[in-house]
Amino acid sequence: MRGMGDDGTGPMAMAPPPQQQHKMEMMMHMTFFWGDRVVVLFRGWPGERGAGMYLLCLLFVLALAALTEVLPVLSSLLARRGAGGSGSLSSSGGPAPASSAALLTAVHAARMGLAYLVMLAVMSFNVGVLLAAVAGHALGFLLARSRVRVRPGAAARDGDAAREHGGLPPSDESKA
């Protein structure tokens, strides 16, 4: 009985696995590239399905990134509501109820999951996906956390004064 290498030829050579021809063979990029033939998050998606699916993929990544920025606002609203509006303590002076803590934990877990999905999408090294992620984070921040609010009626009144100051809103002294 001969074992591996007993015949003096050295270690037994293994035959390479049979070559499989795939209809779509995608290369894993390790540098940023442009193009609509990319795999993002799931095998074969959007793949070689064309520019329409690629745009849908970019919108999906943009929405995930925007939602990642909106969830902290939801979390703070839930914390205030669960605490009775008095910061981190409930209206009775004690800690928030367990149901509020569980809900806050779920929102935080959802936010972290979405953030990791966006990170994995960006790891496709596609420039379009990177730009969609950055634009989504910017849009989510603008909508949820930028504190830019237009008061009804104030836009017409402040519009003329803003033009006088180079597009900047006037300070309180200049309104008088």
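This is a predicted model: local features need pLDDT of at least 70, side-chain atom pairs count only at pLDDT 80 or more; totals for chains, interfaces and linings use all residues.
Let's start with the overall layout. The chain has five helices and two strands, and reading along the sequence gives the pattern β-β-α-α-α-α-α. So much for order; now for burial and contacts. Of the chain's 176 residues, 26% count as buried. If you take the contacts between residues at least 6 apart in sequence, 60% of them join residues at least 24 apart.

Next up is how the helices sit against each other. Two packed helices are described by the angle between their axes and the distance between the axes. Here are two pairs in those terms:

| Helix pair | Angle | Axis distance | Crossing |
|---|---|---|---|
| Helix 1 and helix 2 | about 165° | 9 Å | left-handed |
| Helix 2 and helix 3 | about 150° | 8 Å | left-handed |

Take helix 1 and helix 2 to begin with. They pack at about 165°, which makes helix 1 roughly antiparallel to helix 2, given that the cut-off for that label is over 145 degrees. Sorted by class, the contact between helix 1 and helix 2 holds 18 nonpolar residues, along with four polar and two charged ones.

Helix 2 and helix 3 come together at about 150°, so this pair is roughly antiparallel as well. On the helix 2 side, the contact is made by Val118, Ala121 and Val122. Helix 3 brings Val129, Leu130, Ala133 and His137 to that contact. By class, that comes to six nonpolar residues and one polar residue, with no charged ones.

In soluble globular proteins, nonpolar side chains tend to be buried together. In this model, the largest nonpolar core has 20 residues, and the members that touch the most others are Val40, Val61 and Val129. Helix 1 gives the most, with eight residues.

Which residues does Val40 touch, leaving aside those up to four places away in sequence? The list is Trp45, Pro46, Cys57, Val61, Ala121, Ser124 and Val129. Two of those names, Val61 and Val129, are the other core members picked out alongside Val40.

Methods
Residues are numbered from 1 along each chain as its sequence is written. Side-chain values use heavy atoms; hydrogens and water are left out. A nonpolar core is a set of buried Ala, Val, Leu, Ile, Met, Phe, Trp, Tyr and Cys residues joined through side-chain atoms within 4.5 Å. Buried means under 20% relative accessible area, exposed over 50%, partly exposed in between (1.4 Å probe, protein chains only). Helices (H or I, at least four residues) and strands (E, at least two) are DSSP runs, numbered from the N terminus. Contact means heavy atoms within 4.5 Å. Axes are lines fitted to C-alpha atoms, for helices over the stretch in contact, and angles run from 0 to 180 degrees between N-to-C directions. Angles under 35 degrees count as roughly parallel, over 145 as roughly antiparallel, 65 to 115 as roughly perpendicular and the rest as oblique. A crossing is left-handed if the near helix is turned anticlockwise from the far one by less than a right angle, and right-handed if clockwise. Ala, Val, Leu, Ile, Met, Phe, Trp, Tyr, Cys and Pro count as nonpolar, Asp, Glu, Lys and Arg as charged, and the others, Gly among them, as polar.
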